[in-house]
Amino acid sequence: MRHVVRHLSAALLAGVSLAALAQAAAAQQRFECPRRGGDLIFALEARIATLDQHVNPASSRNVTMNIFETLVTRDENMNPLLDLAESVTPSADNAVYTFRIREGVTFHNGKALTSADVLASFQRYQRVGFDRSILEPVTRMEAPDARTFVITLREPRPTFLEAISSFTVPIVIIPAENADAPAQQLPIVGTGPFQFVDRVADTQIRIRRYDGYRPDTRHQQMLGFAGYRQACVDTVTFRMMPEAGARTAALEVGEVHGVEDLPTVAQRRLAGNPNIRISRLDHYALVVGYPNLSQAPTDNVLVRQAMQAALNMEEIMEAATDGAFRLNPSFQFPGQAYYTDAGGNLYNQRNQARARELLARSGYRGERVVLLTNREYSYMYNAALVMSEQLKAVGINAELLVLDWPAALQLSTTNAGWNFFYTGWTSVFAQGGAQSLRNLANPANVHRPPNNQSDDVFMAAFNDITRGATLDERRAAFARAQARAFDQVMAVPFGVMPKAQAVRANVEGFRPYYATRMSNVWIRN
Amino acid sequence: MAAPDAAVLEDRPARVPFWRGPTFRRLIHHRSFVIGAILVSIVLVTALIAPWLDLPDPNRLAIRFRFRPPSGEFLLGTDNLGRSMLSRVIWGGQLSLAIGLGVVLLNAVFGVTLGAAAGYFGKLDGPLMRFADALMAFPSVLLAIGIAAALGPSAMTAVIALAVVYIPRTARIVRASVLVVRELEFVQAARASGADDWRILRQHIMPNCMAPLIVQLSFVFAYAVLSEAVLSFLGLGAPPTTPSWGILIAEGRSYIREAAWLTIVPGVAIAITVFGLNLLGDGLRDVLDPRLRVEQG
Amino acid sequence: MGRYATKRLLQAIPILALVSLISFGIMKLVPGDPATVMAGPGANPADVENLRRTLGLDKPFLSQLVIFYVNLVQGDLGRSLMLGTPVTDAVIERTPATLAIAAYAMGLTVFFGLLAGVVAALRQNTWVDQIVSSIALIGVSLPNFWLGLVMIVLFSVQLGWLPTGGYVEFRTDPVGWLRTATMPALSLALLQIGLLARITRSTMLEVLRQDYIRTARAKGISEFRVIMRHAMANVMIPVVTVIGIILSVLISGSVVVETIFAIPGIGSLLGNAILRRDYPLIQGGLLFVATSLMVLNILIDLLYAYFDPRVRIDGSA
């Protein structure tokens, strides 16, 4: 089987999966829990309602990715990585993908994993999955034998593995008998190192070690949500504590072993505390805004370019994050396969003279520019607040419209009543190069281009990202698309927000990631 | 339950100006009332003259100066974006008090109209009071959040949401007074002499229902200031571009360990105001309507 | 009595019908829906639309309304969109915590409220009265969520006496329950203690002026006996009536307090449901809470009527 994997790596993900494999090989020593046992209490920021990971795009991943596994996932650097799949063999034209399922994997109910379960899981995802459009090119799925799963696509899609390995809303594998569960009512049975115990909605979820778990011995260490994983602690109790102050306090007094998301100011205060270990994921979310191309005056590209010229990203990010941020002239993060700074000369111009000049040429007559934001996500609100000051400084009649998140998001999907919307792309990156610009491409245009037809030049480049046969071709296409997005001001990246997580000093092996990972974490005596 | 106040009844025929009448004299000798009135006046006046106080713009961002603790330079410190807390708490008072007054105003208008209609016209009593009961069956905060979410964030939203919560309560108090006054001799006499309903309500009944109403409204004001803070805390009510005390607490709470003054200052402002209003209400009740027991929400 | 009870219960039915209509109407007006909430930032509009269909939110409003009432008649409150569980289960699961804390707060309220009110009344116009009355008044003037935040910093972080939040069930660990429930109960109770103390004080003052108290005192009965036997019995009547109101206020206050202290109660459940646009949960949950409160108030009125036959039994005032 190994040759198939290698073949795949060389042909498809040149330089991508190989890197992952090399990383795995480099870590010679296989991870073994230095100590087992204990209940690890971890405080989450979000209130998690259900654990139906097919349906939930939100923060439920913090829990579910310890319970469920997928066929293909991502490693630490967002590159595709085999998980429940032992191998995958694409056809020569990249239109048929044949997966071989790993042997000896059992569900938490004791049942052995077969391709029938995989098929049923994919079918449920097609029916209720949040991100079901990633399966849109699929014409046929079948399980010819217990360990083989075949997906046939309508047309060649070299990036198909990137799409289905995204852990935004992962296609987690569930037992076939649960696949009929309606949305939000999925019984929580997976194949991961932890199994579900119980939950109190919005309050607490408990998971415990699954004794029948068979670690993936192809690797020595945990990689992303896969690799060689072990449950060292007996149980994990996730407590949902949305109040940042209470969450931090609970960590300080030792009521919890760790917290997801430690506010910037608390990080500074706790930096010297010997009982607390803070770790930071430097690239967590891209703070993004996009203009409304259907509403005057942002329908005028010159007005948009004037706005772009006026922005000082350092000020905006400083306010948005209380001072912990990185500037980022790109729609990808540095180190990711598609990262490029093409068009980045238009980022963070801080050029008021140019803004005024563009404004004068645009014929702008002081029309209102409505900055639509919300207050649940204070980083978006603060970004909007500072941006409105910067726009006013060059003579733009900026006005803040602050709604609650659901209302703001709803309004942003209409063509009128707003000019600029703020959001954060976090898991967007997990979706891969093409996927991260998908929001600016037909048919799901967040920037409301007239007739819902995105810019032709951009679309040409975008289609090349999806269909480009080699990674280099796709990268080049991504750079073209990004440059066009900057030039036409289809979206404005402000900067990167880090995510800080913290644990008590006796918690070992905890490494921050896009969602909380409890495998290979142990509590020292 | 609430009887018309004797003092008010006695006042009428003599037509003595209020500030020379016995009620006023009793009020200014009532210690709670005086202290409450002074506290409320200070808060109201400070909020009113905010534009002339030569304060820094409460919304001016100065990130360099963020999280400055209270000091000579920044009397009440600065917030996470370097804005002056002194300015923000004073301007925030303007909004919080305006919302409170708006709720009081709506309560006065609709509480009186609906309460009088229900109390005076027997036919309206059943339907109106059932509707009031239905509104009062909701826990008040939940009803207010529901309405606030429906109307979208604005100061007006907070006013309407809180008014809807308290109007049924005010209406019930007015209705109770009207029920009593309606049966009094001079009202019966007026009716016998052929006066129309409107005239009887306006000239005879309403003036005698004022005492419990005024007391109730002073407490509504206090609750409205408190509840506005709750709505803002939950992210409803006025948008954060126009800070109210509740919004200041909501914004400051993430920094309660590192910059406690962001939470303490607006909280104390609310406490002083509500304390003053309660003292004022106590005084009014003692003087105007000692037997009244105000329903609270 | 039986007829009165039946009448009150029958009157409650149209009110509850109105309650359910009001909650439905509010939800129809609210912009945004559960799909937008679940989707979160960075969501792709097409995916949100899919999710909307998955959750059955694309059905017309009227048919949702009809479905709701048809199910309601069968005793089914529907299924929460966010939690995936039947609304009835969610509500029943969350009620004990709220009730336990409300009962605790009520206990604190009755004990301290009565005590403070009686002491202040007996020592009217002395420094004792002034201090007690001022504290009661301050209690009425503090926003309870603010108090909660300040208490966490003080008692949990600085002093380390109590946990910052969370909830332990009484039957699994009574001491743990006491530790987790104390701060929330206190922040809920302070306002009510102040109110009750003020009501008790004024009622007590009124009662002490009554002839029969003077007569009892004149007879040489000890002051303690006068207070406990004669005065308290009369003070209790208005107290019983406000208890219904207090309970409603406690449940109302629990929305914020449960959020701050991360308590799995009905207040935070419904508060979140509104913020997350979980329509079935809002409608069913509000109906449940309103019904419970209404039944409770009817019971209290019945008790009141039973103890104090002077009360006019006509459902008014």
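This is a predicted model: local features need pLDDT of at least 70, side-chain atom pairs count only at pLDDT 80 or more; totals for chains, interfaces and linings use all residues.
Modeller: Residues are numbered from 1 along each chain as its sequence is written, chains are lettered from A and ligands numbered from 1 in the order in which they are written, and side-chain values use heavy atoms, with hydrogens and water left out.

Colleague: What makes the disulfide of Cys33(A) and Cys232(A) left-handed?

Modeller: The torsion about its S-S bond is about -80 degrees, so it is left-handed. The two cysteines sit 199 residues apart: Cys33(A) in the loop between α2 and β1, and Cys232(A) in the loop between β11 and β12. Helices (H or I, at least four residues) and strands (E, at least two) are DSSP runs, numbered from the N terminus.

Colleague: Is Cys232(A) buried or exposed?

Modeller: Buried means under 20% relative accessible area, exposed over 50%, and partly exposed in between (1.4 Å probe, protein chains only). Cys232(A) has 0% relative accessibility, so it counts as buried. Cys33(A), at 15%, is buried as well.

Colleague: How do you know that Asp234(A) and Arg209(A) form a salt bridge?

Modeller: A salt bridge needs a side-chain nitrogen of Lys or Arg within 4 Å of a carboxyl oxygen of Asp or Glu. Here the closest N and O atoms are 2.9 Å apart, so the pair qualifies. Asp234(A) is in the loop between β11 and β12 and Arg209(A) in strand β9, so the bridge ties together parts 25 residues apart in sequence.

Colleague: Why is Asp234(A) called partly exposed?

Modeller: Its relative accessibility is 35%, so it counts as partly exposed.

Colleague: What makes β1(A) and β12(A) a pair?

Modeller: Two strands pair if DSSP finds at least two bridges between them. β1(A) and β12(A) have 6 bridges, in the parallel sense, so they pass. Within that pairing, Ile41(A) stands opposite Thr237(A) in β12(A).

Notes. A disulfide is a pair of cysteine sulfur atoms within 2.5 Å.
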